[in-house]
Amino acid sequence: MKALAVRAENLLAALAISGLMLLPLAEIFLRNVFHIIIPGAAPIAQNLTLWVGLLGAAIAAREGKLLTLATGEFLPKGIVENVALIVTGFVGAAVSTLFMVGGIDFTRTAYDAGEMIAGIPMWVAVLAIPFAFGLIAIRLAWRAHSWIGRGLAALGIAGGWWLSQHLDVIAGHALWPWFTALGVSALLGAPIFALLGGVALVGLLGFGMLPDLAVGAAYEQLTSSSAGLATIPLFTLAGFLMAEGKSPERLLRMLRAWFGWIPGGTAIAAAALCAFFTLFTGGSGVTILALGGLLLPAMLKEGYRERFSIGLLTASGSLGLLFPLSVPLILFAIVVSAAGTPVEMGHMFIGGVLPGVLMLGLVGLLGSREAIRQRLERLPFRVSEMLAATWEAKWELLLPVVVLGALIGNWAKTAELAPVAALYALVVQRFIHRDLKSNGDVVRVMDDCVSLVGGVLLILCVAIGLTRYFVLIEVPEQLIAWTSAHVSDRWVFLLCLNVFLLLVGTVMDIFSAIVVVAPLLLPLAAHFKIDPVHLGVIFVANLELGYLHPPLGLNLLLASVRFKKPVLEVMWATLPFLGILAGGVLLITYWDSLTLGILRLTGMYAGLY
Amino acid sequence: MIALMKRLGVISAVVLALGVAAGAVPQVMWQLPTAAPKDSIWEKALTDMTAAWARDTGGRVRATVFAGGKLGTEASIVRAMRVNNYQASLFMVTGGLAQIDDGFNALAIPFFFKDDAEMVAVRDALTPDLEKRLNAKGFHLLSWTTGGWVRLFSVNPLRTLADIKKAKLWTSDTDVKMTTWYKTNGFNPVPLDANAAASQLKIGMIDATPSPAYLALLLGMQNNAKYMLDVNLGPFLGALVVTTKAWNAVSPEDQAKLTAAAKVFETKTSVEMPANDAKAVTEMKARGLTVVQMAQKDLDELYATVGKLTASMRNDMVPAEMFDKAVAARDAYRKKK
């Protein structure tokens, strides 16, 4: 029975993401061939994104894949871990229940108002909210190891419900005990969404608002027409599909054929391959997990030291974040545009190119240095191998060509590029390479993708409530006042920004950091005349570095798991890369032409200042 | 993070404590979020108005303005106002107002008004009905505002209705009925995100888009759309509304003071916004924009044909009763003129 329910849930999620992909594709086809448009395609796709995100979040909760702070990893096993699971389950379940109740009220209001979305009653679309948060609440309570533990954690559901009926317990009282409890539970390993959503709810309720304000903000965030949020699950799906089967091998062979003759050529090829996959999967750690098993043996075989190889692969796990189509760049554009500073995705993509090449080049430089110092043998440059390897990887290489061709040829709108990429990856992996042997494999990959994306979108949708709370208590204005009083120099501000973002990147995942911190930094950046596109690139570059920063950088922990090495050893291996990449980040921060140069030269964007 | 949270906790406690301390004088505190741009004439006028509210009521009614969509889109603000999370807002006719009640669509029929005087005559004639309809949905109309006229900006000059119909015309991808109306009546709509018009003009996905002039200037539309058709597509109208629940919590004396200040807001913005629009056109002309005048016979044909086509909006997009009243008020004004 349970297995059947799990399969049904997975199938529903796969159907939702398929719909999200097929609807715009149908529109592209009908528009270009028959000059027919599908009225309402956009709002339907936006609401499908809501379903994909929330179903994915429920699946992530089921699989224990919701994103958490890295601190939870350091808890000792045994009783401490068990208690932590009960506490985090209790808090997570309580926060989810409050969102569920807010979702029920929001659905009821939508029903009463009779709002319609492309002919479908809005209340039907928003039913996903109470449904998903209800499931998440139950699943978080279920994570405890014993029945007693589950019972105790489940009290969080009752507690959340009770709070929703007694809002005066929060409104008009000191909020810091609530914030402290949420902070402690996050340190113990509660999901990040529970921390951000919990602080948002407590703050808004303390301000006299109802829980459905946070839910309304979440709904707006996931369905906003300007968000282009649907691109996130679909680009990620394209990345997941390409990472399946033998695509990484084919690309590695090609990159080695091209660069193997350079000292450190295989190291450069490995870093470039990681960058390629990370730009689709958003540096969520998938790159290290998916490619580590292929790349580490390849490097060791060529004579690279194990410590160096682990350091390089750990550092490369977030290298692609500055390249075009990278999900964090998309997200930054979405978040700051929603916060009132319109930034075009295309400008972010182009702005990130040179900084991305710089960071990749710096890692490659260390690779070359290692190869020279270790006197590693270089691969002979053979034109025949280069051509053969390139031919073998032609379908993978055509992905960006097809996507950009659809845009340049005016067949697809910018927002439709992600479904084109996803469909292309699906066709290549299922029907051309046949790396995906069956439709069951396709559903499995879709579910993996949906659960990852769900975890991200869940954070995104609850964190907007926190942003609203900050706006209501005028935090941005206070930040500006404080910074203006204490920091007068632009360069000092940039240095403070570097340090602050490095710390943020150490404890927070990149998506939460963008959603929560970027809107707060915008007015400060404007005050110091820092262009929003430049700010975005600084932001992502710093966060890229945060992945490697001891003691909590996410890549360090993932690499420790993937390569079965103690975290301390991985930290030590990664230090040289951290050092050289920090130099890169400083260059990106203080030399804005690296980001804005191409945009200014081509006349695409002159910059705000 | 925890330090930050504690700090926020303290800030919140102080905010609340201040509220409690000030409780000696019965007062209401409204949140007034709006999608009107930050630092715009609207924001300034709203801030002046709320200062007048606080002053005139002796501090009994205070409101904080959050401009620039910082607290959400108009759709989201409407939903929050339905449960009184926010109490007041400035909405545009085609956004939040039509979402609350589709009767407001009577003021957004394409090429329905020729000039300001016609628009004002119809708007004033419909106001009592719109007030009633708003009240039925839990909202109270405080005052009107205008943002000038929406006009067509295009890559190629549009000189006739046939030119307009041929153009790849931006329409909102969330406004299904408008897109369908355009398509059914032989236009060539391209449904796109509201923020995408400027960038899609550049890559050729669309070659014409409706916009108020000041917004076109702000988005640099004249860089790609070098022509502006000097015919009013529709008024960029808005209104200041407050939830009935919040309104009823204020004494009748204070209500009168709030309304008076809101009327000052209406007068002020109704003068300053169109002037700002005219200034924007002058500035864009200096940057290479060509203003296209339609020949009288083509203009007559445009009004006559679109006038017939918009009849299909009756009932489908505009409630029949409101559509008929709008047509009657406009025709009566034209006759009187």
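Of the 609 residues of chain A, 59% count as buried, where buried means under 20% relative accessible area with a 1.4 Å probe and protein chains only. The model is predicted: local features need pLDDT of at least 70, side-chain atom pairs count only at pLDDT 80 or more, and totals for chains, interfaces and linings use all residues. Residues are numbered from 1 along each chain as its sequence is written, chains are lettered from A and ligands numbered from 1 in the order in which they are written, and side-chain values use heavy atoms, without hydrogens and water.

## Chain A: fold and dimensions

Chain A contains 27 helices and two strands; helices (H or I, at least four residues) and strands (E, at least two) are DSSP runs numbered from the N terminus. Its radius of gyration, 24 Å, is close to the 25 Å that the globule rule gives for 609 residues, so chain A is as compact as a globular protein of that length. This radius is taken over C-alpha atoms, and the rule is 2.2 Å times the number of residues to the power 0.38. The C-alpha trace of chain A spans about 75 × 60 × 55 Å along its principal axes.

In chain A, 81% of the contacts between residues at least 6 apart in sequence join residues at least 24 apart, a contact being heavy atoms within 4.5 Å.

## Chain A: surface and charge

Chain A exposes about 22700 Å², and carbon and sulfur atoms supply 70% of this area; the areas come from the Shrake-Rupley method with a 1.4 Å probe. The chain carries 35 positive and 34 negative side chains, with the centres of the two sets 10 Å apart. Lys and Arg count as positive and Asp and Glu as negative, without His and the chain ends; each charge is placed at NZ of Lys, CZ of Arg, CG of Asp or CD of Glu.

## Chain B: overall features

Chain B has 13 helices and nine strands. With a radius of gyration of 22 Å, close to the 20 Å that the globule rule gives for 337 residues, chain B is as compact as a globular protein of that length. Buried residues make up 56% of the 337 residues in chain B.

The accessible surface of chain B comes to about 13800 Å², and 58% of it belongs to carbon and sulfur atoms. The mean positions of its 40 positive and 32 negative charges are 3 Å apart.

## Helix α2 of chain B

Helix α2 of chain B covers residues 41-56. Its 16 residues reach 22 Å from first C-alpha to last, close to the 22 Å expected at 1.5 Å a residue, a span calculated as 1.5 Å times one less than the number of residues. Among the buried residues of α2(B) are W42(B), L46(B), M49(B) and W53(B). Just after α2(B), G58(B) takes a positive phi of about 65 degrees.

How values were computed: Buried means under 20% relative accessible area, exposed over 50%, partly exposed in between (1.4 Å probe, protein chains only).
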